[in-house]
Amino acid sequence: MAELVLKTDFPDLKLAGRGKVRDIYDLGDALLIVTTDRISAFDVIMNEAIPDKGYVLTQISTFWFRQMEDIIPNHIISTDVKDFPTECQKYAAQLEGRSMLVKKAKPLPVECIVRGYISGSGWKDYKATGAICGITLPAGLVESDKLEEPIFTPSTKAELGEHDENISFDRCVELIGRELAEKIRDVTIAIYKRARDIADTKGIIIADTKFEYGIYNGELIIIDECMTPDSSRFWPKDSYKPGGAQPSFDKQFLRDYLETLDWGKTAPAPPLPEEIIRKTGEKYMEALVRLTGKGK
């Protein structure tokens, strides 16, 4: 196990911002994205690091970005630290395996969620209204049911510490225009369908996932991360049984633990027991090994 990285501090580089998980440095005509071992749940960043999490997320994202290049270009310039600018080299030990040099795109103001199964906030919406993001679904569905066709359910991108808000497709059109909204919807569903079929052969069900896109040199590209256990629900295929929540290879395990606590889902985060930290790390690593055939 490598050294845990909760936060990076590279004095020679210009820090552009810190997200829930990633530290981003501005290198002029490119960005350096460093995926830390931080983990968030209910939009609150936990105090503890998850072993090898940054490595796992970076390797899984890279795997999927490469699989989808004929559907949509991605933001990766290189994931090999040796290719990074000279000023990054003194930090090579911390960057190895958990960083990407990427194109500096202008992010779209929506997150693109695709659901192939009914779970999470989608299940809550369906129980209340019979629909998800304005899309009416058949009556009588149960939790974790597979949908006949994947659905596109965008959300707004909230500020750090705030909650994303599910929006209708019409609202997405208002925010970015019809042509672009239709394009990201079609691309999102195409990526999901391919990934779903690939993951199926590895014994994983991708129940839902979210993507972010940006504009680079006038072209739509996919940015941020791609179908990681942070941005997706991964379920083991061999134990799938609709009618309730599923075991998972993602941070749902952590969420389930937090749901047992008397905690208001606002900062500060409660302390995590060592067993929860260890098991969360193991679930992330298992997702990597199943998908790519390689661990660390």
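Biologist: Which residues of α5 are buried?

Modeller: In this predicted model, A181, I184, V187, T188, I189, I191, Y192, A195, I198 and A199 of α5 are buried, a word that stands for under 20% relative accessible area with a 1.4 Å probe and protein chains only, where over 50% is exposed and anything in between is partly exposed. Residues are numbered from 1 along each chain, and local features need pLDDT of at least 70, side-chain atom pairs 80 or more, while totals for chains, interfaces and linings use all residues. Side-chain values use heavy atoms, with hydrogens and water left out.

Biologist: What makes residues 178–200 a helix, and what span does α5 reach?

Modeller: A helix is a DSSP run of H or I with at least four residues, numbered from the N terminus, and α5 has 23 residues. The expected span is 1.5 Å times one less than the number of residues, and α5 reaches 33 Å from first C-alpha to last, close to the 33 Å expected.

Biologist: Why is D230 called buried?

Modeller: D230 has 10% relative accessibility, and therefore counts as buried.

Biologist: What joins the side chains of D230 and K53?

Modeller: A polar contact of 2.8 Å joins them, and the definition asks for a pair of N or O atoms within 3.5 Å, one able to donate a hydrogen and the other to accept it within protein, with residues adjacent in sequence counting only if both atoms are side-chain atoms. D230 itself is in the loop between β15 (219–223) and β16 (232–236).

Terms used. Helix = DSSP H or I, 4+ residues; strand = E, 2+ residues; numbered from the N terminus.
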